[in-house]
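These are my notebook entries on what I looked up in the structure shown here. I kept them in the order in which I worked.

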Amino acid sequence: MTDLKTTVSEENTLSAKGYKLNKFIGEGAYAKVYLTEYTAREDSNKVTLACKIIETSKAPKDFVLKFLPREIDVLIRLNHPHLIHVHSIFQRKTKYYIFMRYSENGDLLGYVLKNGCVSENQSRVWLRQLALGLQYLHELEITHRDIKCENVLLTANFNVKLSDFGFARFCIDDEDQPILSETYCGSMSYAAPEILRGKPYLPKPTDLWSLGVVLFVMLNKSMPFDDTRMRKLYEQQMGKKYRFRSRVATVLSLECKALVKHLLEPDPGLRHSATQILNSDWIAMDSRLTTLNAVEAAALQKAKEERQKLSDIHKGPPKRQGDILEREHRESAYRLKIEDELKLSGSEQLTLATRGYTIIKKVNEGSYAKVYLAEYKNPNKNSKLSTLACKVIDTNTAPKDFVKKFLPREIEMLIKLNHPHLVHTHSIFQRRYKYFIFMRYMECGDLLEHILHKGAVHEDQARIWTRQLALAIQYMHELEIAHRDIKCENVLLTANQNAKLSDFGFARLCVDTKLRDISSDTFCGSLSYTAPEILQGTPYLPKPTDIWSLGIVVYVMLNRAMPFEEKHIKQLYQAQINKNWRFRTRYIDSLSEKCKRIVTLMLEPNFQRRISIDHIINSEWIAMDSRLLEWTPQETIAYKKAREEKRLLFKSLESSHEAPEKERIPNPSMVKPTCDVGGGSTSS
């Protein structure tokens, strides 16, 4: 027991407000909790409360200045039946007094240690209550960040309430955009793998991971992973190496095990949300739990109204588009507006379902397309579930020029291309005005996101990624195809940290029916990556522009900045022609001369003197890593096939009519679902 040391003035203040501290009942990192009696002036009935006292003079400055104000700000906003109810908060000198409802049956960890595993039926009831509390928090754009059994309290009626909001914070900024968290907070045993990884993370999915650990503990009376060492814990999490204890594994329902699996999913993008928990088959096994009671419904409705008010406040004039590297607070497109749902007609839903596809949620958006996370399972085979990305193009809303000119080219390219360092297309089909392009899902986002979060790429890693991208471009150029939109956002990273070039919306053939080079006159791609011959405004050969754009990508990797700062076309063009760029001082000394040389050759303003893609692959810089001199079997096969297709292309072009055919959209049925989409390879 710990006695509370209070001054006479503090005791008088407490007494005047109707509070009497009785005994010490618990202690946290920076606070002590006391059993308290409260008597209202107009009512002689006594109410038992818990009082959390924070002594700011003894707490770390970081906690006092950062976390304590957040906790208080959050507590005064919350009102939900499955969150601990705050009675009052006040400050006296260096102490904060937070009075809240007293939970008579202690915390969940104490209950499990005393009574053993929680039955599946009771676990279902408690998990639903916690999920409702979490759904309410997330609707208010608040994340808890410290969910664990010790912070789940049990009332006299054995209902659960989530408590302790010391690490809680808001999830959006003043522009209504998601904020990444960087703080390692909470308990390691309950920490999601993206937190252990040590880089900025979206906080909401980490709450769901922690809730999954709580559910596992309830069912098993043990932790799912060995947490003695962080590295081992992380490896087990990523490998999904948890097992239900033998004594409970045989009695738990498949629906229960499935929900645990969805919560302990190491990929936060695939992890279940609180709403998905509440709509899960496991919760539905008890029909009483499928509807909200009046108090739950009122709380959720109030949260939605508050969220709408917040959005209205944040609405303002559109921001001027600047260089993305200067706006480090901006989330990657993969992180924004993930709540948007795809609106499909009944026939479209039926078409997707019969082909084995399920659209999950929106993960990205381009100029004329939206990208959704999707799942695929071959309806005719007993194959495993594969995670894909689905690019949906609505031709009704896209510009006519795009639909008639660029979309047919993109589909033609996707059907044609197959290389280990290009994003793999799973299938393409059309339903009325929509095109559905299913492709491999890239687990680690894009290169720009990687650089913004982790900083400049080390030269050794940049060399590997440059080689992979150069091989992909070499393959495309061998097929007489130019990409024309190479940039960091279009370089995607796999789970194995390999780079793949994506987005072929501006790709086109480089030769005509007489096998002559075709000049492009379209200004396409992003200004920051655009070659000077494009900015000049005259027709240009497209292949060398891919080399320039790759040079910009390599520069950005090595410097975490753009080589040219000019925002207007005329000034940017002059800077490019005059070679007004230099390596940043903080990185220049760490880069090899061969590295600097290759970047200089790629950023040569005269396209006729610019280095070729073959010379990049065979350069001295690439040769500094002897492992990169040998091609993998997949790389060799793809290149040989490209050379053979080029030979056949030339042969067919020679025998075709001189007048070019009218461009048309190829038959999407030519691309068939592959059976190894979910599998990896040495080049994946």
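Predicted model: local features only at pLDDT ≥ 70, side-chain atom pairs only at ≥ 80, totals over all residues.

I began with helix α16 (residues 459-478) and helix α18 (residues 542-559), which pack at an angle of about 165° with their axes 10 Å apart. Here axes are lines fitted to C-alpha atoms, for helices over the stretch in contact, and angles run from 0 to 180 degrees between N-to-C directions. Helices (H or I, at least four residues) and strands (E, at least two) are DSSP runs numbered from the N terminus. I noted that α16 and α18 are therefore roughly antiparallel to each other, a label for angles over 145 degrees, while under 35 counts as roughly parallel, 65 to 115 as roughly perpendicular and the rest as oblique.

I then listed who touches whom, where contact means heavy atoms within 4.5 Å. On the α16 side I found, among them, Trp-465, Leu-469 and Ile-473, and on the α18 side Ile-547, Leu-550 and Val-554 are included. By class, this contact of α16 with α18 has 11 nonpolar, 2 polar and 3 charged residues; Ala, Val, Leu, Ile, Met, Phe, Trp, Tyr, Cys and Pro count as nonpolar, Asp, Glu, Lys and Arg as charged, and the others, Gly among them, as polar.

Residues are numbered from 1 along each chain as its sequence is written, and side-chain values use heavy atoms, with hydrogens and water left out.

Next I looked up a sheet: 5 strands form an open one in the order β10-β11-β12-β14-β13, with antiparallel pairing (two strands pair if DSSP finds at least two bridges between them). β10 (357-365) and β13 (425-431) stand at the edges with a single partner strand each, so one side of each is left without a neighbour in the sheet. The twist averages 25° from one strand to the next. I also saw that helix α13 (residues 346-354) packs on the sheet, touching β10, β13 and β14, and that its direction makes about 150° with that of β13. Between β13 and strand β14 (residues 434-440), which run antiparallel, I counted 6 bridges, and the partner of Gln-430 in β14 is Tyr-435.

Is Leu-407 buried or exposed? Leu-407 lies in helix α14 (residues 400-416) and, at 0% relative accessibility, counts as buried (under 20% relative accessible area, with exposed over 50% and partly exposed in between, using a 1.4 Å probe and protein chains only).
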